[in-house]
Amino acid sequence: MTLPKINPTTTESWKLLENSSKEEDIKALFESNFKRAEDFSISFQDFHLDFSKNMISKNVMGLLLNLAEECHLKKAIQSQFDGLEINETEGRKVLHTAIRSFENSTHNYNQILEDRKKLKDFTQKVLSGELKGSTGKTFTDIVNIGIGGSDLGPVMVVEALKFYKSSLNVHFISNVDGDHVNEVIKTLNPETTLFIVVSKTFTTQETLSNANTVKKWFSKKVGSENIKNHFAAVSTNLSAIEDFGINPEFVFPMYDYVGGRFSLWSTVGLSICLAIGYENFENLLKGAHKMDNHFKNEPFEKNIPVVLALLSIWYNNFHGSETHAVVPYSEYLKYLPSYLQQAIMESNGKSVDRNGKKVSYQTGNIIWGSTGTNSQHAFFQLIHQGTKLIPCDFIGFKKSLFQNEDHHNKLLSNFIGQTEALLNGKSREEVINESKNSSDEKITPFKIFNGNKPTNTILINKLTPESIGKLISMYEHKIFVEGIIWNIFSYDQWGVELGKKMAKSLLHEIESGSIKEHDSSTKSILKKLK
Ligand code: F6P
């Protein structure tokens with residue numbers, strides 16, 4: 001057996017958690033323990049997690065930690081790092097941690113080093129101008145053509161590390177929406193553009209359609225004989241790449257033991273390498289590797305991904321929270337929420353447990369968010385005064401990259417101010433004391449904030465390739481811990497297959513105009529397309 005198959009609701013800790021108070025008053029918890037911030041914080045290198053502003057007593061934290069033990073989390077972590085086939089439904093190992101490892105004992109290490117060397121050499125050749133386009137011009141633009149895990153990781157990291165940008169401009173084409181493709185290519189000079197087709201399977205409709213459209217456009221402008229100088233590919237499906245006509249020297253292999261949504265550390269990161277240079281890419285991997293070791297070695301109570309996962313389970317399974325917001329106080333991290341949507345929701349959006357039985361409890365939560373302070377002027381109203389309990393991760397950096405202290409102090413004061421306001425709220429007395437005259441009384445109820453809204457504060461010294469590597473790895477391990485405790489398989493994604501199949505057969509009906517049997521709604525919409 002590769003992973004434990006324990007129904008968490010049958011554990012002693014789950015039952016005790018069910019009977020624990022859900023009415024924890026965070027303010028009262030602070031009042032009863034003047035060391036609370038210290039007791040409920042973890043520092044790891046340049047990372048500091050403060051989880052004291054949560055509805056969580058020492059007793060509940062202890063029960064959650066016991067739950068992890070009872071679900072054999074330690075053994076599961078070991079199984080993942082040891083390369084057992086923990087992705088049982090696809091018969092695969094799960095080794096995204098190996099491709100960012102710097103340890104000789106790592107599974108397939110020679111191959112990993114060889115692939116890194118290939119990424120490094122290629123990146124250096126493009127950046128130095130040694131590798132040129134077919135008309136002898138230096139490359140100025142890179143276009144990554146991929147979707148899902150072959151897009152969201154690179155797009156998020158390239159944006160996050162824009163400060164460390166190389167001379168190349170990197171663009172992304174993902175959606176099969178033809179307007180999207182045309183909007184990207186209309187600005188490009190094909191003679192100075194390198195296209196990277198990224199698809200683990202090389203069968204994905206969106207990516208192949210986009211790649212073919214771009215290939216046609218390129219051939220018309222520069223000639224099909226020049227494709228070999230302008231197209232690279234990343235995939236496990238080497239024969240399909242060959243059929244597409246890509247120069248074998250520009251082919252970067254991937255392996256089935258790395259899931260698409262966990263693949264930015266692999267050759268899928270080619271666009272990241274080109275965007276920020278290989279050295280920065282390697283620092284990204286090093287950061288992730290450091291977090292891997294923290295996750296693997298630290299006791300659960302001092303283990304950032306484990307604690308974050310347990311808190312999430314506390315709200316998801318014992319408070320009925322359905323969603324979790326991620327709010328980075330950095331515009332550089334604007335794509336982090338959408339990246340995490342795939343990573344978390346594709347992994348843990350499952351309702352059948354590892355024994356093949358339907359679960360009787362909640363699993364994967366809904367992830368959403370946006371950057372602060374913008375989101376304060378968009379959805380924070382609902383978090384402060386709405387009816388839903390929404391735990392939030394606040395992510396911030398001590399230092400700004402351009403050292404603009406004036407702005408950064410304002411940003412940080414909002415970052416901290418929001419978590420304090422969510423905790424404390426504003427009482428009726430406070431509202432009345434602030435009122436200038438008695439006619440304000442009518443609006444008093446609308447100005448009351450209940451507070452007691454849970455937040456995690458993740459404070460990082462500085463936004464660097466290494467700290468971004470740590471941050472992503474932290475969330476990846478959080479996903480794993482949740483999946484283990486929920487007793488689900490986090491590394492397959494059968495749920496996206498049905499829609500893909502349906503789109504294929506509907507495409508035929510749309511193109512031919514001959515509509516088959518459907519429900520009346522589908523049929524009438526199809527008819528309206530005619
Ligand atoms: O959305 C489903 C999915 O299979 C993802 O898991 C994957 O990241 C994406 O499609 C793209 O797949 P590929 O890299 O094979 O084109």
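Predicted model: local features only at pLDDT ≥ 70, side-chain atom pairs only at ≥ 80, totals over all residues.
Residues are numbered from 1 along each chain as its sequence is written, and side-chain values use heavy atoms, with hydrogens and water left out.

The ligand is surrounded by 14 residues, a residue being near if one of its heavy atoms lies within 4 Å. Ser 150, Ser 199, Thr 201, Thr 204 and Glu 346 are the closest. The shell comprises 9 polar, 3 charged and 2 nonpolar residues, where Asp, Glu, Lys and Arg count as charged, Ala, Val, Leu, Ile, Met, Phe, Trp, Tyr, Cys and Pro as nonpolar, and the others, Gly among them, as polar.

A backbone N or O atom of Gly 149 lies 2.7 Å from a ligand oxygen atom. For the side chain of Ser 199, the distance from an N or O atom to an oxygen atom of the ligand is 2.6 Å; for the side chain of Glu 346, the corresponding value is 2.6 Å. Of the 390 Å² that the ligand exposes when taken alone, the protein buries 88% (Shrake-Rupley method, 1.4 Å probe).

The structure holds 25 aromatic pairs (ring centres of Phe, Tyr or the six-membered ring of Trp within 6.5 Å; planes under 30 degrees apart stacked, over 60 edge-to-face, the rest tilted). The pair of Tyr 278 and Phe 281 is tilted, because the ring centres are 6.1 Å apart and the planes stand at 50°.

Methods: Polar contact = N/O pair within 3.5 Å; in protein donor to acceptor, adjacent residues only side chain to side chain.
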